[in-house]
Amino acid sequence: MEAPQNFEETARQIRRLGTILFAFFAIVAGIVLFLMVDPTLSVFQPKPKLEFSEVPESYPEGDFDKIENGIHLRTGFVQGEGLMAVVNNCTNCHSAKLVTQNRMTKEGWQATIKWMQETQNLWDLGKNEAIIVDYLATYYAPEKKGRRENLDNIEWYELK
Amino acid sequence: MDRRKFTSSLSFVAMGSILGVPVVFGKQIPMGYIPLGLQDPDPFELFNKDKQMVVLNDRPWNMEAQAHLLDDKVTPNKYMFIRNNGKIPENVDAEQWRLTVDGEAAKQSKSYTLQELKTKFPTYTYQLTLECGGNGRSEFNPPAKGNQWTVGAVSCALWTGIRLRDVLEDVGITSKAVYIGYYAADTHLSGDLSKEPISRGVPIEKALQEETLIAFQMNGEDIPLAHGYPLRLVCGGWPASASGKWLERIRVRDKVHDGAKMTGSSYRIPCDPVAPGEKVPDEKMCIIESMPVKSLITYPKTGALLKKGQPLSLRGHAWAGELEVKQMQYSIDFGSSWQDCTLDRPANRLAWQHFSAAITFPKEGYYEVWAKATDRDGNSQPMVLPGWNPKGYLNNACHRIAVKVR
C-alpha cells in the first residue's frame, strides 16, 4: 500500500509548489502593476505641502470624519452638537464653504432651508431640521459689524 | 502621491481601472489631457488663475481677486473672478454648438452654428466692465446670505463677438418684445437636469445696445471654459449675472423674463429703501439694472509702509454701470477733505476708467486712503455702507487702503 501514499505525497508537493508559484507570480504582478502606476516610486517620497488644502483628495481609513482643533477637517465645520447631521445633509449639493462663509440668525437659517426645499430640491430633513438649525444658529451666528468696520488683517510691507 | 505624475504615467487601460469604467475612445484623448474624473482639484491650475485669487466656494466654483491684483488696465484671465451658480458644462463641443433664438416675441425660431454666427455678422471688440451684483456683500450688517464677496468680483476684459442686435434683427422681433432671457449649458447643483441653475436676461433696450455682445473671444483668445466657452452673452455695466455663460438659447419675451434667478429676491433690491434687517416681501423687490458708481485702488496694495516725505503714486479704476465717471477724488483724512485724481476717459462706453494721483503725507502716522468716484448724474460713492438690502447687493462704499508713514 505504498503507491497510494506516494501518490498523496506527490499531490501534496505539487499543490505546495503550485501555491508557492502562485504567490510568487502574484507578488511579481503586484510589483509590475505598482511600477506601471508609479514608476518613480513617488509614493515613498515625502509629500510636498500643498497650499490649497481645503479639498483633501483622500483620507486613510478612519480619518474620514477626523476632527482637529475643533474643526471637522473634511468640511471645515466647527465641532459641536449636530455636526454630523449638518455634514450629511448640507454638503451633498453645495460645498461646506457656502455654509461656513455665512452668518445668520436661527430665523435666517430656517428660511434658507425652506428656500432650498422649495426651489433647490433639498429633501425633508425630518427631526434633523431642529438639530441642524440649532447647530448653525449657534456656531454661525451674525456678528455686529456696524455701518463700516475698521480695516483689519493688514499685512504691512515696505513700499519702495 | 502627486496626481499629475500619477496620471501622466498611466495607460488609458489603467485609467479605466481606476475610474471603474473603461475610457471609451481612450486613444482619441490628446496627450497630456487628464479626464475630469481624475482632475486635480487645484482650482488655480484648473482655471489658469493666479495663486493669490481667493476661493470662496468650491461647489459651485466661486473665486475673487484682491484689489491689488486688478491693477492691469485690461483684466487678464488669471485675475478675473469666477461666479458660478451651477456646474460648469463638461465636454463642450464647439463644432456641434448651436445658438437658438426664439420666444413669444420672435418672428421665427432660428438656430445658428458658431461658424455661421462668426461669418454672417460683423465682429466688434469692446472693453466691458462686469461686476457681480453681490460684490462687497461681506460688509453688510446684518449679514446677507450667499458668497461673501469682498471687493474682487469685478473685471474689465476685452470681449470680441457679434452684436446681439444684429442677430435679433436677422431673426426678426415683434413690437411685443419686452425682454430677452438666456438659457445655457451649465447644470443644476442638485443634479436635477430639469432645473436651470440660472436663466436671466435684460430689457430689450439693453439687448439692442451696440455694446451688448454675443462674444466668442476674451482678450483675443477663445473664452476660457470657466467664463463661458464657447459663447457668452456680455451686457457690460449690469450685474454680471446678466451676461450668461455657455449660451445656447435666447428667448425674446413679451414680458419680463421669468427664468431662474430673475424672480423672488434674486438680483433684486427693495423698490423703496428699508431699514437694516427689515423683511421685504417679494413684490416689493425690484430687478437690479445698471450697477452703481464705484472705484477701486489697485496700487499700492493695502499695508504700505512709507518713509517720511516719500511720495505715493496712487492708481486704480472707476466705473458707473451705464454711466461715465466724471470725477475721481481721494482723501487721506478719513473723508474730511477730498483731492482730485487724474481721471482718464473710458476706452469705450461701459469700460472702466483709470485714475491716478500723487500723494504726499504731512507727517508720520497711520493713514487710510479713501477713493470716491462721482458719476455723470452727480451720484457719489458713500463713505459708509449704502442702503441695506436683504440679499446684500450693490455695496459701492468707498474703497480704503491702510498706509503708515514712519
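Guide: Let's start with burial: a residue is buried if 20 or more other C-beta atoms lie within 10 Å of its own, exposed if 12 or fewer, and partly exposed in between, with the C-beta atoms placed from the backbone. By that rule, 12% of the 160 residues of chain A count as buried, while for chain B the figure is 46% of 406 residues.

Some housekeeping. This is a predicted model, where local features need pLDDT of at least 70 and side-chain atom pairs count only at pLDDT 80 or more, but totals for chains, interfaces and linings use all residues. Residues are numbered from 1 along each chain as its sequence is written, and chains are lettered from A and ligands numbered from 1 in the order in which they are written.

The spot I'd pick is B:Thr302. B:Thr302 sits in the loop between strand E16 (294-299) and E17 of chain B; helices (H or I, at least four residues) and strands (E, at least two) are DSSP runs, numbered from the N terminus. There are 21 C-beta neighbours inside 10 Å, so B:Thr302 counts as buried. What does B:Thr302 touch, once neighbours within four places in sequence are left aside? Its contacts are A:Leu151, A:Ile154, B:Ile401 and B:Ala402, a contact meaning that the C-beta atoms, placed from the backbone, lie within 7 Å. On the other hand, B:Glu283 is 19 residues away in sequence and 41 Å away in space, C-alpha to C-alpha.

E17 of chain B belongs to an open sheet of six strands with mixed pairing, in the order E3(A)-E17(B)-E24(B)-E23(B)-E19(B)-E20(B). Its edge strands are E3 of chain A and strand E20 (339-340) of chain B, each pairing on one side only; strands pair if DSSP finds at least two bridges between them. E17 (residues 304-306) and E24 (residues 399-405) of chain B run parallel, joined by three bridges, and B:Leu305 stands opposite B:Lys404 in E24(B).

How far would I trust chain A here? Its pLDDT (the predictor's confidence in each residue, from 0 to 100) averages 83, and 81% of the residues score at least 70.

Zooming out, chain A has five helices and three strands, running α-β-β-α-α-α-α-β from the N terminus on. Chain B has six helices and 24 strands, and its C-alpha trace spans about 70 × 60 × 45 Å along its principal axes. The radius of gyration is taken over C-alpha atoms, and the globule rule is 2.2 Å times the number of residues to the power 0.38. For 406 residues a compact globule would come out near 22 Å, and chain B has 23 Å, which agrees. Of the contacts with a separation of 6 or more, residues 24 or more positions apart account for 68% in chain B and 54% in chain A.

Note on methods: Two residues are in contact if their C-beta atoms, placed from the backbone, lie within 7 Å.
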